[in-house]
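Reader: I am new to this structure and would like to get my bearings. Could we walk through the model together, one question at a time?

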Amino acid sequence: MKTFLFLLAVTLSTAAPVHVDLVTVMKLAGANNDEIQLARVKHTETLAESKLAWQRFWPSLNLGVGYKRHDGNIQDVAGAIFDASKQQYTVGPSVLIDWAPGEIYYAALAAKQKALAAEQLAEKSRRDIVTQATGRYYDLLANEASVAIIEDDLRLTQDYEKQLAGAVTAGTAFRADLLRVKTQVSRARLAIRQEQEKRDLAAAALAETLRLPPQTELRPAKADLVPVRLNGKTGVATLLSQATQNRPEMKVASAVSTAAQLERDRARIAPLIPSVQAGYSFGGLGGGYNGQMGSFDDTQDMYIGLGWKVGPGGLFDRQRQVIANSREEATQLQAGQIKAAIGREVVEAAAKAQSAHDQIAINDEAVTAAEEMVKLAKERQASQLGVVLEYLLAREELTRARQSRVQSVTNFNKAQHELKRAVGR
């Protein structure tokens, strides 16, 4: 319901910013992206093909009416040629069977595995898009927080400018110090505009992922940015084990490998199983010499036969088996490559998350030190023991430390979601 109201607000809004939170972003990314829909359509197609493969076991039923006429020479069973004019007509259904049980069975099993692989590919697309959307949301949130930090610094610097302007008027401060503060104000305003530009670019990137109108001005519902731990303190070995079990790519590789094994069995075993051809028709048959439409009565025909195909696609087709074995081996090698890549992603995501966590602690220390620096510089300035430059440098250092902490928290939160995706959760 919340997502529906958000979409309604986007539709009705013109130039007003639309505020969005992380939960809404994740829901929209998982339901409103055409890449995910394309993967789902592919899964639906593959699933239908799997069901169709099993339906080939069913015989076909035909219902029809036929008319046949002959004029001129014809040959009888004994071989004699004579002239004849005759006609016949038939009415009734027929049941036809043309089975290659081995081929149909293994093809159906392989098609089922391909459908499972397509399902997992759709899930992989969904998770990738959601992770991309969360990353872009955190970028937007970081830019918004950075704007707030610089705006706070600008407000304090402007207040200080007013105080210093009064002191210059009273003759207790130098005009050069006032000009230095004015320069700092201009620098802060320039930084705000640059961060606003970054925020607008991040909003456009997020709107693209969410498939919202490109002109939508997205803003985070809250400007605060706090670390969010999603994975707990789990060892890398445990994370690797979870990724091997849960990642859609591993399930895709398993399904593709199983399908290749079935195709190998199909090439080896299916030709040994005879094909079945059978038919049964019943109804009415009538006719006679041309011009006669009588003699209509019941008629039935039935036939059944077994056979083996020899050559390409059948018995003694060695190359077919070689191709099937090669494809099976290729799928096993690809599964190994996928597993190695997943292992690397898990290790990298865990390393990024730990590094970002440590950087947050370091930045906290830097912020605390910078706040103390600003406090001391302000006290020294008030007692005329310091200079204006010292206070400005202290405030600049505090702003830089606060921005660095925002970036560390952003990197940590993004790494948490990347690690969650890497382990398949």
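Predicted model: local features only at pLDDT ≥ 70, side-chain atom pairs only at ≥ 80, totals over all residues.

Reader: Which element gives the largest share of the lining of the largest cavity?

Author: The residues around this cavity are Lys124, Arg127, Asp128, Arg247, Pro248, Glu249 and Arg421. Two elements give two or more residues to that lining, α4 (101–170) and α7. The largest share is three residues, and the element behind it is α4.

Reader: How many charged residues are in the lining of the largest cavity?

Author: The space inside the largest cavity is about 30 Å³. Asp, Glu, Lys and Arg count as charged. Sorted by class, the lining has one nonpolar residue and no polar ones, while the charged residues number six.

Reader: Thanks! Now the pockets: which element gives the most to the lining of the second largest pocket?

Author: The second largest pocket has a volume of about 400 Å³. Of its 19 lining residues, the closest to the centre are Glu49, Ala107, Ala110, Ala111 and Lys114. At least two lining residues come from each of α3 (34–55), α4 and α7. The element that gives the most, with nine residues, is α4.

Reader: Let us turn to two helices. How are α6 and α7 set to each other, parallel or oblique?

Author: The axes of α6 (residues 236–246) and α7 (residues 248–269) come within 5 Å and cross at roughly 50°. Angles under 35 degrees would count as roughly parallel, and 65 to 115 as roughly perpendicular. The two helices are therefore oblique.

Reader: Which residues in α7 does α6 meet?

Author: On the α6 side, the contact involves Ala243, Thr244, Gln245 and Asn246. The contact residues divide into three nonpolar, three polar and one charged. The partners in α7 are Pro248, Met250 and Lys251.

Reader: Last one: why is the protein more spread out than a compact globule?

Author: The protein has nine helices and six strands. Its C-alpha atoms fill a box of roughly 140 × 50 × 35 Å along the principal axes. The globule rule gives 22 Å for 425 residues, so the protein counts as more spread out because its radius of gyration is well over that, at 38 Å.

Note on methods. Residues numbered from 1 in each chain as written. Heavy atoms only, no water. Axes fitted to C-alpha atoms, helices over the stretch in contact; angles between N-to-C directions. Helix = DSSP H or I, 4+ residues; strand = E, 2+ residues; numbered from the N terminus. Parallel < 35°, antiparallel > 145°, perpendicular 65-115°, else oblique. Contact = heavy atoms within 4.5 Å. 1 Å grid on protein atoms, 1.4 Å probe; cavity = no way out; pocket = protein on both sides within 12 Å on 5 of 7 lines; lining within 4 Å. Points joined across faces, edges and corners; volume = space filled by probe spheres on them. Rg over C-alpha atoms; globule rule 2.2 N^0.38 Å.
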